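Thanks for asking me to look this one over. Here are my notes as numbered points, to be read with the model open beside you.

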Amino acid sequence: MKEKNYDVAVVGAGPAGMMAGIRAAESGAKVILLEKNEKLGKKLLLTGKGRCNLTNAEFDLRKLVENYGPNGKFLFRAFSVFGPKEVIAFFEKLGLNTKIERGKRVFPLSDRVEDVLKALIRCLTQNKVDIVYNAEVMKVDGSNRRIKKLILKEGEMVADNYIFCTGGRSYPLTGSSGDGFKWARSLGHRIKEPSPALVPLKIKEAWVPALQGLSLKNVAITVLQQDKKERREFGECLFTHFGLSGPIVIDISKRVGELLKRGEVKLGLDLKPALDSAKLDERIQRDFKAGQNKSFKNSLADLLPRKLIPVIVKLSRIDPEKKVNNITRLERLGLVKLLKNLEMTPTGLLSFNSAIVTSGGICLEEIDHQTMKSKIVDNLFFAGEIIDVDGPTGGFNLQICWGTGYLAGQSAAEKKVPDTFSQDIHG
Ligand SMILES: Cc1cc2nc3c(=O)[nH]c(=O)nc-3n(C[C@H](O)[C@H](O)[C@H](O)COP(=O)(O)OP(=O)(O)OC[C@H]3O[C@@H](n4cnc5c(N)ncnc54)[C@H](O)[C@@H]3O)c2cc1C
């Protein structure tokens, strides 16, 4: 451990910690960044399937925060200071050109997450942030609303201000094991129980594993509870040996998890969202007319992927050998209904090991949204996934890290944060 007097100690070198370290140092603080892994940004390197969906180019901040649900308003101040526009400009200034794809998703032009990490490390070095690897914080020593020191596996560490950026509990192999929640609780903070979010779903129906590996683009999924439609997502879905994955499934998973606590949930997969039931019926009639002598099981090749056909044939309860010109109107309408609403029953979410983010974390009421400063501990700040706010896929979660990391770093670098800054978002 380096024997210097640090103004700011940042714990955890994920995207939030790196950004907090950079901004604190840019603001004039002497900064140390403590990371328990042997390298920085282990989870960052997994993002966007190796391409890193950096942020979302929704530049209207009111619309942007709506993506995070009711807790989104907590982020408004952080995003006014360092929103997607500033994030893109920050990386472009570091030589990382970006591009905007479908759904306003921002990626590095090179499609390489390594380039994002390299840019951040370059910036940490330029700003003289002391990075310590294999520096696992074990305990936090604090009393009377102040942290006195951090106790590491090897040695101790004292700074004026501390920023906890230890992430959530998802993908624990990357280092995010929820340590920051324990320390914050021991210092008097309330923690909203962490749960996996943005995670694949386990499905009850026995026919699902047979479809393992089948990816369906341009489908829509609806979440239902007691026949009440809850949510609809459009895009890509993937069948797996345990159930369903893919972007639209991952985006509904948090809501499914919440609803499952209240009772049975159903999912309705619309295999042909571009056609309403009447149009789909017309289309099927045309296909049946064109191949009148075909058996039912051989008549769906133009309509459905090969792997899905036996499943649909079975679920339709139409005799697979029946010639299509003998199929009754009632049978055909039943088929239309099935294709517009392939029903499945989620039984649970996969664990933290497969969750892209953790929902829950440090309660927002106890963090000043203007500064990211704790309202319980005078020399503590938070940034990133450790905070009780999370978003859908699309770059929204990294945007939390950049925005809150920047604001926490800037605030922690100030010698004393004026009390007038402390305002309750609900006040
Ligand atoms: C597979 C996958 C793909 C993803 N893709 C995207 C994407 O494309 N776009 C997007 O917006 N989001 C994406 N995310 C989410 C995004 O990666 C996270 O929201 C983000 O990494 C959270 O950053 P963080 O800095 O808060 O925490 P983390 O990235 O979890 O970093 C926390 C750091 O703290 C360190 N640490 C923990 N405990 C200690 C300790 N006791 N002592 C010292 N150090 C400690 C850890 O080792 C770790 O390095 C993805 C996530 C996953 C898992």
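This is a predicted model: local features need pLDDT of at least 70, side-chain atom pairs count only at pLDDT 80 or more; totals for chains, interfaces and linings use all residues.

1. Helix α8, covering residues 277-290, packs against helix α10, residues 329-340, at an angle of about 120°, and their axes are 10 Å apart. Angles of 65 to 115 degrees would count as roughly perpendicular and those over 145 as roughly antiparallel, so α8 is oblique to α10. The crossing of α8 past α10 is right-handed.

2. Which residues make that contact? From α8 come Ser277, Leu280, Asp281 and Ile284, while α10 brings in Arg332, Leu333, Leu335, Val336, Leu339 and Lys340. Sorted by class, the contact of α8 with α10 holds 6 nonpolar, 1 polar and 3 charged residues.

3. Now to the domains. The assignment for the chain gives domain 1 as 6-195 + 356-421 and domain 2 as 200-350. Their C-alpha centres lie 40 Å apart. How many residues does each domain give to the contact? Domain 1 supplies 5 residues and domain 2 supplies 5 residues. On the side of domain 1 that touches domain 2, there are 2 nonpolar residues, 3 polar ones and no charged ones.

4. A word on Gly155, which sits in the loop between β8 (146-152) and β9 (156-157). Is Gly155 buried, exposed or partly exposed? The cut-offs are 20 or more neighbours for buried and 12 or fewer for exposed; Gly155 has 13 C-beta neighbours inside 10 Å, so Gly155 counts as partly exposed. Gly155 also makes a handy reference point for distance: Val219 is 64 residues away from Gly155 in sequence, and the two C-alpha atoms are 54 Å apart in space.

5. Finally, the chain as a whole. The secondary structure comes to 11 helices and 22 strands, and the C-alpha trace spans about 85 × 45 × 40 Å along its principal axes. Of the 427 residues, 44% count as buried. Among contacts in the chain with a separation of 6 or more, 74% are between residues 24 or more positions apart.

Conventions. Residues are numbered from 1 along each chain as its sequence is written. Helices (H or I, at least four residues) and strands (E, at least two) are DSSP runs, numbered from the N terminus. Two residues are in contact if their C-beta atoms, placed from the backbone, lie within 7 Å. Axes are lines fitted to C-alpha atoms, for helices over the stretch in contact, and angles run from 0 to 180 degrees between N-to-C directions. Angles under 35 degrees count as roughly parallel, over 145 as roughly antiparallel, 65 to 115 as roughly perpendicular and the rest as oblique. A crossing is left-handed if the near helix is turned anticlockwise from the far one by less than a right angle, and right-handed if clockwise. Ala, Val, Leu, Ile, Met, Phe, Trp, Tyr, Cys and Pro count as nonpolar, Asp, Glu, Lys and Arg as charged, and the others, Gly among them, as polar. Domain bounds come from an automatic or database domain assignment.
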